[in-house]
Amino acid sequence: MIVLGIESTCDETGAAIVKDGREILSNVIASSADIHEKYGGVFPELACRRHIDAIIPVIDEAIKKAGVTIDEIDAIAVAKGPGLVGALLIGMNAAKGLSIAWNKPLIGVNHIEAHLYASMMGLEEIPLPALGVVLSGGHTLLLKILDVGKYEPIATTVDDAIGEAFDKVASMLGLAYPGGPHVELLAKSGDPTRYPLTAGRVKRSPIDFSFSGLKTAVLYTLKGGAVEKSDLAASFQETALNDVVGKALLASQTFNCQAIFAGGGVCNNQRLRELFNEKFPNLPIHWPSANLSADNAAMIAGLGEKKFINGTDTLDLEVQTRIPIA
Ligand code: KG4
Ligand code: ZN
């Protein structure tokens with residue numbers, strides 16, 4: 001089966017062709033990160049304009065690169081949310097238009113679930129139950145994976161997502177957007193013990209995340225005077241990542257956890273991977289490959305094929321800016 005995937009939830013316009021749910025024939029991404037740089041975060045209207053310009057050329061390129069004909073495409077999978085409403089609508093309308101024009105079934109896919117699925121895509125067998133860890137610009141989630149499509153929430157963030165915290169701290173440190181990779185790079189030469197920072201504690205639900213206080217602590221440290229930026233970046237990164245890994249450990253102890261599946265752009269962080277390896281020496285940890293960790297359409301197509309088995313969507317399919325994964 002050959003699936004065309006379409007992704008436009010935030011600032012990346014993506015299209016991909018995936019064969020049999022695992023063989024990525026093409027995975028094309030056009031990012032508008034360059035125009036958001038001066039705002040230190042995504043400017044939704046500008047992202048939408050770029051999506052409009054990019055969507056058809058990106059789909060075209062994905063089909064050409066894959067070397068498939070339109071006849072060979074069996075279905076169109078599209079990210080239905082969560083995300084920015086205007087951005088989502090552009091991918092959704094493209095998917096619906098092509099579904100009508102080419103007479104292909106349409107499959108709406110949850111973007112967060114697709115992030116998680118990215119680290120399962122190549123596997124023959126998925127060890128279950130497993131712990132899901134989604135760390136992106138919009139989400140910080142721990143969940144119990146009972147099966148693909150069957151999840152129980154364990155923890156979420158009550159304010160900023162972890163990637164968002166990286167981006168905001170980067171902006172405070174004068175680093176470019178998206179800030180995560182720049183913070184990681186700067187932190188490499190810094191002393192993580194130099195500034196004592198603590199991650200937020202959520203009283204009514206201690207396993208949940210809160211990063212807004214940590215972000216403010218970074219701001220006050222900066223305002224406090226002469227600061228070694230690399231030490232501050234390292235102190236922030238170490239605090240935020242240890243919080244995630246510590247809570248992931250607690251979450252994994254609440255059930256008979258067989259493996260960890262991680263997803264989302266923050267998974268590119270090598271220090272995060274080191275900390276997970278240290279904390280979970282006996283558990284297989286599955287990371288998305290570099291081309292599947294940040295927003296992309298291959299993960300949408302891959303999960304789309306899985307969903308196809310349970311039925312397709314109609315043209316009434318609507319975008320959803322917020323969708324719970326479980
Ligand atoms: O998954 P993604 O592309 O988009 C969302 O669905 O939100 O994740 C983007 C986020 C950004 O906040 C970016 O700064 C962060 O992932 N990120 C990183 C790293 N690479 C990307 N954060 C920390 N360290 C990294 N190396
Ligand atoms: Zn994403």
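## Exercises on a predicted model

H111 and H115 lie four residues apart in helix α4 (residues 111-117), so about one helical turn separates them. This model is predicted. Work through the exercises with the structure open.

**Exercise 1. Describe the site of the zinc ion (ligand 2).**

Step 1. Find the protein donors. They are H111 (NE2), H115 (NE2) and D295 (OD), at 2.0 to 2.1 Å from the zinc ion.

Step 2. Check the two histidines. Both H111 and H115 are buried.

Step 3. Name the geometry. Four donors count as tetrahedral if all angles lie between 85 and 135 degrees. Around the zinc ion (ligand 2), the four donor atoms subtend angles of 96 to 128 degrees, so the arrangement is tetrahedral.

**Exercise 2. Work out how helix α8 (residues 229-252) meets helix α9 (residues 270-279).**

Step 1. Start with the axes. Those of α8 and α9 come within 10 Å and cross at roughly 35 degrees.

Step 2. The crossing of α8 past α9 is right-handed.

Step 3. List the residues in contact. From α8 come Q237, E238, L241, N242, V244, V245, G246, A248 and L249. From α9 come R271, L272, L275, F276 and K279.

Step 4. Sort the residues of this contact. Eight are nonpolar, three polar and three charged.

**Exercise 3. Is D231 buried or exposed?**

Step 1. Locate the residue. D231 sits in helix α8.

Step 2. Apply the cut-off. Buried means under 20% relative accessible area. D231 has 8% relative accessibility, so D231 counts as buried.

Step 3. Look at what surrounds D231. Leaving out residues up to four places away in sequence, D231 touches G190, D191, R194 and Y195.

**Exercise 4. Is I52 buried or exposed?**

Step 1. Locate the residue. I52 belongs to helix α2 (residues 44-66).

Step 2. Apply the cut-off. Exposed means over 50%. The relative accessible area of I52 is 54%, so I52 is exposed.

Step 3. Relate I52 to S8. In sequence I52 and S8 are 44 residues apart; in space they are 9.9 Å apart, C-alpha to C-alpha.

**Exercise 5. Which residues of helix α5 (residues 162-172) are buried, and what do they pack against?**

Step 1. Pick out the buried residues. In α5 they are I162, G163, A165, F166, D167, V169 and A170.

Step 2. Find their partners. The buried residues of α5 pack against the strands β6 (130-135) and β7 (140-147). They also pack against the helices α6 (180-188), α7 (212-223) and α8.

Notes: Residues numbered from 1 in each chain as written. Chains lettered and ligands numbered in written order. Predicted model: local features only at pLDDT ≥ 70, side-chain atom pairs only at ≥ 80, totals over all residues. Heavy atoms only, no water. Axes fitted to C-alpha atoms, helices over the stretch in contact; angles between N-to-C directions. Helix = DSSP H or I, 4+ residues; strand = E, 2+ residues; numbered from the N terminus. Left-handed = near helix turned anticlockwise from the far one by under 90°. Contact = heavy atoms within 4.5 Å. Nonpolar A, V, L, I, M, F, W, Y, C, P; charged D, E, K, R; others polar. Buried < 20%, exposed > 50% of the residue type's maximum accessible area, 1.4 Å probe, protein only. Donors = N, O, S within 2.8 Å, 3.2 Å for Na, K, Ca; no water. Tetrahedral: all angles 85-135°; square planar, octahedral: opposite > 155°, others 65-115°.
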